[in-house]
Amino acid sequence: MGSFTPGVSVSESYYSLLSVEPHATPDEIRKAYRKLALRFHPDKNPDAGETFQKISTAYATLSDPQRRQVYDRFGEQGVQIMEQAAAYGVPPWLLNPAAQSGLLCVLLVVVVGLVVVFPVILTMRIDGGLAWPWPAVFTPLWLVDLLVLALAAASPRDRDAGCWRCVPNRRQVNLALLLAFQLLLAYKLDAGEQAPFSYSESFLPLEISIFLGAVAELCMHGRTALGRGRGGGQGAEGADRAAAQRRLVSVVARSSLQLSFLGLLGCRVDDLLPVTWWTVLTPLWLLLLLYCLRAAASCASIKAAAQEEERVARRVLAGLSSAASLICFFCLLLLSLRLAEGVPLSAALILTPFLTVVGLLLCCTCTSCICAGVLVSADADGAADGLAAGDAYQRHCDEESAQSDPSAASASGVPPAAAAPR
């Protein structure tokens with residue numbers, strides 16, 4: 001078993017205190033502790049109380065398999081964190097890097113897998129490949145919603161929530177509205193004309209969520225954009241005010257286009273107004289244009305970054321925004337051709353760009369998690385060999401010191417490995 005105690009010197013290592021090798025067996029650790037306990041017990045050596053306490057702490061850690069594994073990975077601080085986490089019901093195996101990587105990989109597989117499964121089932125249902133009821137089609141999406149809702153319930157409340165301060169958790173409110181929208185839509189699609197409400201009415205929870213989100217953002221950035229509580233409006237303050245004003249314009253434009261699309265879509269499917277599909281899809285094209293402009297602005301702001309880390313982060317963000325805009329463009333183009341022009345395109349073909357990118361993202365993420373766990377284990381094993389060599393050298397120095405001056409070795413408080421040559 002390896003030994004890796006970052007931030008702990010060799011002389012302070014629990015293995016050095018017990019005069020054992022990092023690869024020592026439990027029996028060797030127990031024998032070494034008994035020998036040192038008899039020698040430094042306060043009844044026999046009243047001046048060695050601190051040394052006896054250190055030896056007892058070292059034995060309590062190394063004699064427990066889980067504590068020893070955590071100590072080998074993270075040192076004495078890792079053991080303290082494990083004890084504090086155990087008080088809150090957190091299992092100790094979560095401190096294992098391999099377990100953390102595996103758990104993260106499982107969560108990503110579940111979430112991203114369900115996100116991929118839902119579009120696949122949805123396309124098969126639209127194209128006639130499946131005859132499942134619509135609630136069964138929406139089940140993977142509802143599982144993801146419940147998981148996100150549970151995470152939102154466990155997260156702390158937003159402190160800067162503007163007019164949302166009276167709401168216990170605005171994330172939960174938004175997720176509850178989205179879940180209500182999905183339930184109403186699934187019921188309407190399954191019941192058809194027999195449902196007691198129209199498609200426009202089923203869109204109401206989503207429209208309320210968009211409206212409340214826009215109001216929250218306006219309240220959050222409105223004070224800065226209007227310049228209240230600021231003086232002069234020059235330099236950094238003026239730049240902050242201009243950025244807040246741009247955010248307000250973006251929020252108003254985005255929310256207006258989203259609400260316009262939902263309203264036009266409800267009028268089209270409920271036959272309330274004689275609107276064409278090109279008219280219905282126009283807000284989506286304008287939204288895509290808005291996101292493209294934001295991606296272009298992100299690319300233009302790369303050179304303005306002062307630090308290299310910030311420039312790299314902006315490059316990554318700009319690349320992701322450009323890729324997402326390109327995917328949305330192809331999906332929206334195929335959807336427009338099918339609905340507005342009557343081109344016989346299947347739903348699977350329309351969502352092919354999205355499914356391809358999500359599948360690649362899932363594979364890359366899982367591979368990265370597995371490789372990260374392997375690299376952490378390899379680094380820990382490499383550091384273990386270095387610490388083992390350091391322990392051996394320190395014990396050799398202690399033996400020479402004890403042979404040359406046994407009284408000085410006893411007064412130092414560090415238990416020598418042996419009083420005579422082995």
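This briefing describes the fold, the nonpolar cores, selected helices and several individual residues of one protein.

The model is predicted: local features need pLDDT of at least 70, side-chain atom pairs count only at pLDDT 80 or more, and totals for chains, interfaces and linings use all residues. Residues are numbered from 1 along each chain as its sequence is written, and side-chain values use heavy atoms, with hydrogens and water left out. The protein holds 15 helices and 0 strands; helices (H or I, at least four residues) and strands (E, at least two) are DSSP runs, numbered from the N terminus.

**Overall features**

- Of the 422 residues, 35% count as buried, where buried means under 20% relative accessible area, exposed means over 50%, and partly exposed lies in between (1.4 Å probe, protein chains only).
- Among contacts with a separation of 6 or more, 55% join residues 24 or more positions apart; a contact means heavy atoms within 4.5 Å.
- The protein exposes about 24,300 Å², of which carbon and sulfur atoms supply 64%; accessible areas come from the Shrake-Rupley method with a 1.4 Å probe, and for residues only the protein chains shown count as cover.

**Nonpolar cores**

- A nonpolar core is a set of buried Ala, Val, Leu, Ile, Met, Phe, Trp, Tyr and Cys residues joined through side-chain atoms within 4.5 Å.
- In soluble globular proteins, nonpolar side chains tend to be buried together.
- The largest nonpolar core has 23 residues, and those touching the most other members are Val 137, Phe 138, Leu 185, Phe 203, Phe 261, Leu 265 and Val 280.
- At least two residues of this core come from each of α5 (97-126), α6 (134-154), α7 (170-191), α9 (204-226), α10 (235-269) and α11 (277-300).
- A second, separate core of 19 residues includes Tyr 15, Tyr 33, Phe 52 and Leu 62.
- Val 280 touches Phe 261, Leu 264, Leu 265, Arg 268 and Val 275, not counting residues up to four places away in sequence.

**Helix α11**

- Helix α11 has 24 residues and reaches 35 Å from its first C-alpha to its last, close to the 34 Å expected at 1.5 Å a residue; the expected span is 1.5 Å times one less than the number of residues.
- A kink of about 30 degrees in α11 is centred on Pro 283, the bend at a residue being the angle between axes fitted to the seven residues ending there and the seven starting there.
- The buried residues of α11 include Trp 277, Val 280, Pro 283 and Leu 287.

- Helix α7 has 22 residues, and its first and last C-alpha atoms are 32 Å apart, close to the expected 32 Å.
- Buried residues of α7 include Leu 175, Phe 181 and Leu 185, together with Asn 174, Gln 182 and Lys 188.
- Just after α7, Gly 192 takes a positive phi of about 70 degrees.
- The 14 residues of helix α3 (residues 49-62) should span 20 Å, and the end C-alpha atoms are 20 Å apart, which agrees.
- In α3, the buried residues are Thr 51, Phe 52, Ile 55, Ala 58, Thr 61 and Leu 62.

**Cysteines**

- The structure holds 0 disulfides, a disulfide being a pair of cysteine sulfur atoms within 2.5 Å.
- The sulfur of Cys 292 is 8.6 Å from the closest cysteine sulfur, in Cys 328, and is therefore too far for a bond.
- Cys 292 is partly exposed, with a relative accessible area of 34%, and Cys 219 is also partly exposed, at 38%.

**Individual residues**

- Glu 341 is found in the loop between α12 (308-340) and α13 (347-350) and is partly exposed, with a relative accessible area of 49%.
- Glu 341 and Trp 277 are 64 residues apart in sequence and 8.9 Å apart in space, C-alpha to C-alpha.
- Leaving aside neighbours within four places in sequence, Glu 341 is in contact with Trp 278 and Ser 336.
- Asp 240, in helix α10, is partly exposed, with a relative accessible area of 38%.
- Ser 19 lies in the loop between α1 (14-17) and α2 (26-40) and has a positive phi of about 60 degrees although it is not a glycine; Ser 19 is buried, with a relative accessible area of 18%.
- Asp 271 lies in the loop between α10 and α11, has a positive phi near 55 degrees, and is exposed, with a relative accessible area of 63%.
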